[in-house]
Amino acid sequence: MAGSSHGHTPAAWTGVIIAFIGFCVAGAFMVMAQPVGFWAGMAIVILGGVVGVIMRAMGLGQPKESGPLPLMAPAATREPVAAEG
């Protein structure tokens, strides 16, 4: 998608950074065999998604396209090869 700004918004960056921190926290506590810390890290991952959605609703995400979606070219098809034998 050349020329697209998909994912290059404050909402996307903030949500991904928070989720990444949550994965790091969960991974560290998983190695230390601390289930409570692991689940706290997973809660931070979910928080990242919630923050991203809220920021998008506030207008900090990618604007919605008002026109119809562009049509994609059909995929190349291959003829099935008959089994030899």
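Leaving out neighbours within four places in sequence, T9 is in contact (heavy atoms within 4.5 Å) with L60, G61 and Q62. Keep in mind that this is a predicted model, in which local features need pLDDT of at least 70, side-chain atom pairs count only at pLDDT 80 or more, and totals for chains, interfaces and linings use all residues. Residues are numbered from 1 along each chain as its sequence is written, and side-chain values use heavy atoms, with hydrogens and water left out.

Where does T9 lie? You will find T9 in the segment before α1 (10-31). Helices here are DSSP runs of H or I with at least four residues, numbered from the N terminus. T9 has a relative accessible area of 11%, so T9 is buried; buried means under 20% relative accessible area, exposed over 50%, and partly exposed in between, using a 1.4 Å probe and protein chains only.

L60 is partly exposed, because its relative accessible area is 35%. In sequence L60 and T9 are 51 residues apart, yet from C-alpha to C-alpha they are 6.7 Å apart in space. Besides T9, L60 touches P10, A11 and M55, again not counting residues up to four places away in sequence.

Let's follow α2 itself. Helix α2 covers residues 35-60, and its 26 residues should span 38 Å at 1.5 Å a residue; the expected span is 1.5 Å times one less than the number of residues. The end C-alpha atoms are 35 Å apart, which agrees. The buried residues of α2 are G37, G41, V45, G48, G52 and M55, and what covers them includes α1. An α-helix has 3.6 residues a turn, so residues three or four places apart point the same way.

Note on methods
Helices (H or I, at least four residues) and strands (E, at least two) are DSSP runs, numbered from the N terminus.
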